Amino acid sequence: MRDEQHHKRWNEIKTNDSWAIFKIMGEFVNGYEKLSRIGPCVSIFGSARTKPDNKYYKLAEEIASKIVDHGYGVITGGGPGIMEAGNKGAHIAGGTSVGLNIELPFEQHDNPYIDSDKSLDFDYFFVRKVMFVKYSQGFVVMPGGFGTLDELFEAITLIQTNKIEKFPIILVGTEFWGGLMDWINETLLNRFNNISAKDLDLIHLVDTPEEVIDILDAFYKKYRLSPNF
């Protein structure tokens with residue numbers, strides 16, 4: 001079967017790469033144009049596999065509702081699970097509900113709680129991640145998998161290296177994130193000295209919607225709301 005597959009020659013690869021640049025540019029332009037008009041938002045991340053009867057689905061919905069009550073919109077990855085819960089909470093509360101959907105062969109599909117004029121589709125993960133970082137005033141990170149971890153650590157890295165402006169990164173769920181934070185403290189910091197103690201100031205670990213809102217409000221009493229780079 002493998003022998004029957006067509007293997008692209010180097011010139012074909014180069015040609016395809018050149019045309020892909022225009023598609024990438026189109027995704028950036030579309031994203032910038034739409035998201036620059038939505039106003040201050042907070043992104044909610046978490047697993048696409050979380051079911052509506054899960055306590056973290058319900059918690060994400062409540063957090064999104066409170067975020068809207070405090071004047072922010074909500075951005076999610078646009079799919080099911082925690083993403084759906086975030087959009088649902090924002091939608092029911094009457095706030096801005098944005099979905100940055102990614103085309104995947106499984107798991108991902110648009111949820112029905114995204115504002116009709118605020119649903120964007122992406123082919124490229126890296127373009128989508130730029131949109132999250134540029135237009136989010138904070139990251140609320142619910143329990144999730146590799147994609148959630150990817151978003152979390154990219155944001156921490158960009159802030160830590162001063163490539164973007166600082167914004168709150170809030171981990172929700174001590175039982176889920178506590179082990180990771182222990183490892184970061186004990187192994188990365190204390191045992192191997194691979195990070196600075198001040199890097200941990202970027203991350204907040206909480207369990208309630210009220211704590212999320214307190215952190216966001218306290219931060220933006222000091223800093224103005226704006227795109228992050």
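The exercises below all use this model, which is a predicted one.

**Exercise 1. Describe how helix 2 and helix 3 pack: what is their crossing angle, and which residues meet?**

Solution. Start with the axes. Helix 2 covers residues 55-69 and helix 3 covers residues 82-92, and their axes come within 7 Å, crossing at roughly 35 degrees. Next, the hand: this crossing is right-handed. Then list the partners. Helix 2 contributes Tyr56, Tyr57, Ala60, Glu61, Ala64, Ser65 and Val68. On the helix 3 side they meet Ile82, Glu84, Ala85, Gly86, Lys88, Gly89, Ala90 and Ile92. Finally, sort the contact residues by class: 9 are nonpolar, 3 polar and 3 charged.

**Exercise 2. Work out how helix 4 and helix 5 are oriented to each other, and what classes of residue make their contact.**

Solution. First locate the pair: helix 4 spans residues 125-135 and helix 5 spans residues 146-160. Their axes come within 11 Å and cross at roughly 60 degrees. An angle from 65 to 115 degrees would count as roughly perpendicular and one under 35 as roughly parallel; helix 4 and helix 5 are therefore oblique to each other. The crossing is right-handed. Now for the contact itself: Arg128, Lys129, Phe132 and Val133 come from helix 4, while Asp150, Glu151, Glu154 and Leu158 come from helix 5. By class, that contact holds 3 nonpolar and 5 charged residues, with no polar ones.

**Exercise 3. Zoom in on Lys129: is this residue buried or exposed, and what does Lys129 touch?**

Solution. Lys129 sits in helix 4. Its relative accessible area is 11%. Since buried means under 20%, Lys129 counts as buried. Leaving out residues up to four places away in sequence, Lys129 touches Asp150, Glu151 and Glu154.

**Exercise 4. Find the buried residues of helix 6 and say what covers them.**

Solution. Helix 6 runs over residues 174-191, and its buried residues include Trp177, Gly178, Met181, Ile184, Thr187, Leu188 and Leu189. The cover includes helix 5 along with strand 5 (136-141), strand 6 (169-172) and strand 7 (203-206). After helix 6 comes Asn193, with a positive phi near 55 degrees.

**Exercise 5. Describe the surroundings of Ser119: how exposed is Ser119, and which residues does Ser119 touch?**

Solution. Ser119 is found in strand 4 (residues 119-122). With a relative accessible area of 22%, Ser119 is partly exposed. Its contacts, not counting residues up to four places away in sequence, are Lys34, Gly99, Asp110 and Ile114.

Note on methods
Residues numbered from 1 in each chain as written. Predicted model: local features only at pLDDT ≥ 70, side-chain atom pairs only at ≥ 80, totals over all residues. Heavy atoms only, no water. Axes fitted to C-alpha atoms, helices over the stretch in contact; angles between N-to-C directions. Helix = DSSP H or I, 4+ residues; strand = E, 2+ residues; numbered from the N terminus. Left-handed = near helix turned anticlockwise from the far one by under 90°. Contact = heavy atoms within 4.5 Å. Nonpolar A, V, L, I, M, F, W, Y, C, P; charged D, E, K, R; others polar. Parallel < 35°, antiparallel > 145°, perpendicular 65-115°, else oblique. Buried < 20%, exposed > 50% of the residue type's maximum accessible area, 1.4 Å probe, protein only.
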